[in-house]
Amino acid sequence: MQGKFKGPMNQRDDEALRLDGMNYRFGLIGCGRIGVRHAEHIQEIGVLAATCDADRERADRVAQAHGARAYGSVEELLSAEKDLTVAAICTPNSLHAEHAIKALQAGVHCLVEKPMALSVSDCGEMIKAAEKANRRLFAIKQNRFNPPVAAVKEAIDEGVLGRIYSVHLNCFWNRNADYYTTSEWKGRLAVDGGTLFTQFSHFVDLLYWMVGDIKSAKAFFGNFAHQEEIEFEDTGVVALEFHGGALGSIHYTVNSHQKNMEGSLTIFAEKGTVKIGGQYLNELEYQCIEGFEFKDLPSGNSPNEYGTYVGSMSNHGEVYRNVVDVLKNGAAISTSCFEGLKTVEIIDKIYASAPRPTRSFL
């Protein structure tokens with residue numbers, strides 16, 4: 001039996017959604033590197049009406065590039081722009097909850113970069129604000145759109161693999177000293193949250209999405225190569241027990257020499273073994289499945305390039321298409337705010353399981 005990957009949507013759907021999206025006005029809150037990427041994808045699917053950033057020059061640059069208006073604060077933007085449809089929250093991690101809640105209270109739908117927030121309680125406050133305002137709250141987990149990830153998820157849901165026995169996640173990336181020292185907030189515990197939040201929350205989300213909720217975790221952490229730049233771990237090894245009975249592990253580091261090495265997910269199950277690999281969970285590296293074979297998977301998008309480092313797969317366009325599809329057609333949200341909360345809850349559980357290396361630079 002050959003696995004027939006359905007994919008997120010066809011070309012006709014894409015064009016129809018683009019036309020629908022032209023009726024929607026987006027506000028970009030945070031104009032750093034990922035904010036610039038969001039601006040590009042917004043213009044593909046809708047209208048970028050306004051930008052804001054605490055660094056007004058950054059807001060001005062992005063606004064000028066896309067014919068938008070620039071502001072120096074969230075409050076100023078929300079006060080002046082009364083007809084926004086969606087606010088894209090791309091500010092530092094610790095500000096996601098504050099900025100999303102303000103936008104929701106102003107009657108604007110919100111799309112929030114990862115992580116949704118740095119605490120479960122903040123996620124809960126965001127969800128309550130969305131419900132009270134009767135507005136949508138979208139969490140970004142774009143790795144769900146990677147073709148091999150989506151195909152394996154389909155196979156799991158259809159029972160192709162049977163019972164999952166164990167799952168093993170490897171995240172071996174490079175983040176050099178400049179990555180942290182040239183940032184105003186990365187590496188600072190109170191604002192960044194840690195490596196699982198900033199680098200690998202997408203990967204933790206996939207464990208929850210594909211295998212289920214985590215019952216218990218036991219971790220070991222170390223800071224081997226970034227003791228002068230960050231206030232938390234650069235490496236972690238985690239043992240997991242899932243509520244469904246499966247066992248798992250996470251091995252993550254930002255110490256891969258000079259460049260990203262691997263982002264992989266290996267599943268051992270009743271009816272097969274499969275490994276999604278490559279640097280960004282973008283390749284089907286191994287499969288041995290009873291009476292089933294994945295074939296002809298699309299190659300997917302390229303990773304996000306940020307000059308001195310490389311991020312996850314560039315699937316934000318799919319995220320924005322989903323936003324428009326939800327608002328226009330009532331489609332299912334690709335990643336709900338409750339799933340965004342579960343990722344934060346799992347990371348909290350991992351970090352609470354063992355002492356973390358700490359050092360303050362404030």
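Reader: Which residue lies over the face of Y179?

Author: In this predicted model, that residue is R175, which lies over the face of Y179 at 5.2 Å from the ring centre.

Reader: And what sits over the ring of F220?

Author: There the charged end of K218 sits over the ring, and its distance from the centre of the F220 ring is 5.6 Å.

Reader: Ok, switching to rings with rings. How many aromatic pairs does the structure hold?

Author: The structure holds 10 aromatic pairs.

Reader: Where are F197 and Y351 in the chain?

Author: They belong to distant parts of the chain, 154 residues apart, with F197 in helix α10, which covers residues 195–198, and Y351 in helix α13, which covers residues 337–352.

Reader: Is F197 buried or exposed, and why?

Author: F197 counts as buried because its relative accessibility is 3%, and the cut-off for buried is anything under 20%.

Reader: What about Y351, buried or exposed?

Author: Y351 is buried too, because its relative accessible area is 7%.

Reader: What kind of aromatic pair do F292 and F294 form?

Author: F292 and F294 form an edge-to-face pair, with 5.0 Å from centre to centre and 80° between the planes, and both F292 and F294 are buried.

Reader: Which residues do ring pairs link into a cluster?

Author: The cluster is made up of W173, F200, F203, Y252 and Y280, which are linked to one another through ring pairs.

Reader: Zooming out now, how many helices and strands does the protein have?

Author: The protein has 13 helices and 17 strands, and of its 362 residues, 56% are buried. If you take the contacts between residues at least 6 apart in sequence, 67% of them join residues that are at least 24 apart.

Reader: What pLDDT does the protein average?

Author: The average pLDDT is 92, and 90% of the residues score at least 70.

Reader: Where does pLDDT stay under 50?

Author: That happens over residues 8–12, and for this stretch the model has six contacts beyond four places in sequence.

Technical notes. Residues numbered from 1 in each chain as written. Predicted model: local features only at pLDDT ≥ 70, side-chain atom pairs only at ≥ 80, totals over all residues. Heavy atoms only, no water. Helix = DSSP H or I, 4+ residues; strand = E, 2+ residues; numbered from the N terminus. Buried < 20%, exposed > 50% of the residue type's maximum accessible area, 1.4 Å probe, protein only. Contact = heavy atoms within 4.5 Å. pLDDT = per-residue confidence, 0-100. Phe/Tyr/Trp six-rings, centres within 6.5 Å; stacked < 30°, edge-to-face > 60°. Lys NZ or Arg CZ within 6 Å of the ring centre and 35° of its normal.
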